[in-house]
Amino acid sequence: MHTIWQRKGDAMSREHGQGEGLEVVFRAQDEITANLIKGLLESEDIPVIIQSHMIPWLDGAMTAAEGHWGDIVVPKEYFERSLEIINEYMSSSAENTESD
């Protein structure tokens, strides 16, 4: 699952990125995916920050501990549109993989 919704009680909540007014819109499994999603959102004029969880001398240990390579973070006002763009891309990517 790539979107960042977590169930807390009966309500769904979003995780916040580092910084006021920022929200995590995607969790990337690797740096290539993070940069692909970043480019996708930037092409739609959405400001994006990649927050990597990597620590170079630990050689991937944080990826295993966190369960992902890093977060794609956008300003709160761009969250919904970013989520739509990512979900459309992921859906079309999955459809193209299935038809091959």
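**View 1. Pairing of β3 with β5 in the predicted model.** Strand β3 and strand β5 (residues 70–75) are joined in the antiparallel sense over 6 bridges. Within this pairing, F26 stands opposite I72 of β5. Strands of a sheet pair through backbone hydrogen bonds, in either a parallel or an antiparallel manner.

**View 2. The open sheet of 3 strands.** The strand order is β3-β5-β4, and the pairing is antiparallel. Strands β3 (22–28) and β4 (49–52) form the edges, each pairing on one side only. From one strand to the next, the twist averages 30°.

**View 3. Helix α1 across the sheet.** Helix α1 lies across β3, β4 and β5 and runs at about 130° to β3. The helix has 12 residues and reaches 16 Å from its first C-alpha to its last, close to the 16 Å expected at 1.5 Å a residue. Among the residues of α1, A34, I37 and L41 are buried. Seen down the axis of α1, the buried residues fall within an arc of 70°, so they line one face of the helix.

**View 4. The start of α1.** Here a side-chain oxygen of D30 reaches to within 3.2 Å of the backbone nitrogen of I32.

View 5. Residue E42 belongs to helix α1, which covers residues 31–42. E42 counts as partly exposed because its relative accessibility is 38%, a value between the 20% limit for buried and the 50% limit for exposed residues. The C-alpha atoms of E42 and S82 are separated by 9.8 Å, although the two residues are 40 residues apart along the chain.

Note on methods
Residues numbered from 1 in each chain as written. Predicted model: local features only at pLDDT ≥ 70, side-chain atom pairs only at ≥ 80, totals over all residues. Heavy atoms only, no water. Helix = DSSP H or I, 4+ residues; strand = E, 2+ residues; numbered from the N terminus. Buried < 20%, exposed > 50% of the residue type's maximum accessible area, 1.4 Å probe, protein only. Pairing = 2+ DSSP bridges. Axes fitted to C-alpha atoms, helices over the stretch in contact; angles between N-to-C directions. Contact = heavy atoms within 4.5 Å. Expected span 1.5 Å × (residues − 1). Arc of directions from axis to C-beta. Polar contact = N/O pair within 3.5 Å; in protein donor to acceptor, adjacent residues only side chain to side chain.
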